[in-house]
Amino acid sequence: MARPRDLPPAAALTANPFAALTGLRDELPVGEAPPPAETTPSPPAPARAVIRYQRKGRGGKEATIVEQLNLSPEQAEAWCSEIKRTLGCGGGVEGEQLVFAGDQRTRLPALLEARGVRRVTVS
């Protein structure tokens with residue numbers, strides 16, 4: 001623990017180190033506006049998804065698996081991370097399957113339908 005005589009004065013703790021730079025802000029050159037972001041059309045959503053629950057082979061842990069999405073590996077990673085964030089659970093991509101921790105069978109159909117999946121089957 002620091003002794004009182006080793007501490008800096010109170011004025012040094014409240015001084016703004018950037019106060020001298022505020023006057024220089026008006027002298028900065030004006031830059032060009034950034035180009036508008038190019039929008040690429042998003043690929044169509046999968047037509048079908050199958051959701052199933054699994055404990056076997058997972059050390060007794062519950063897992064919810066989403067199959068038959070036919071997504072590219074990049075799309076599968078993006079979908080998995082967004083759905084994990086929405087559900088507040090762990091998970092990952094195993095091959096062509098999205099795997100989520102816990103029993104998410106009641107919550108996943110609504111999320112997948114909101115992402116454009118036309119038919120969701122829960123088994």
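**View 1. Q104 in the loop between β4 (97-101) and α3 (108-114).** Helices (H or I, at least four residues) and strands (E, at least two) are DSSP runs, numbered from the N terminus. The model shown is predicted: local features need pLDDT of at least 70, side-chain atom pairs count only at pLDDT 80 or more, and totals for chains, interfaces and linings use all residues. Residues are numbered from 1 along each chain as its sequence is written, and side-chain values use heavy atoms, with hydrogens and water left out. Q104 has a relative accessible area of 8% and is therefore buried (under 20%; exposed is over 50% and partly exposed lies in between, with a 1.4 Å probe and protein chains only). With residues up to four places away in sequence not counted, Q104 touches T64, L87 and C89 (contact: heavy atoms within 4.5 Å).

**View 2. Strands β1 (residues 48-54) and β2 (residues 63-67).** These two strands run antiparallel and are joined by 5 bridges; strands pair if DSSP finds at least two bridges between them. Y53 has T64 in β2 as its bridge partner, and T64 is also among the residues touched by Q104.

**View 3. The open sheet of 5 strands.** The strand order is β3-β4-β2-β1-β5, and the pairing is mixed. At the edges lie β3 (91-94) and β5 (119-122), each of which pairs on one side only. From one strand to the next, the twist averages 20 degrees (axes are lines fitted to C-alpha atoms, for helices over the stretch in contact, and angles run from 0 to 180 degrees between N-to-C directions).

**View 4. E77 in helix α2 (residues 73-87).** E77 is partly exposed, as its relative accessible area is 47%. The C-alpha atoms of E77 and L98 are separated by 8.5 Å, and these residues are 21 residues apart along the chain.
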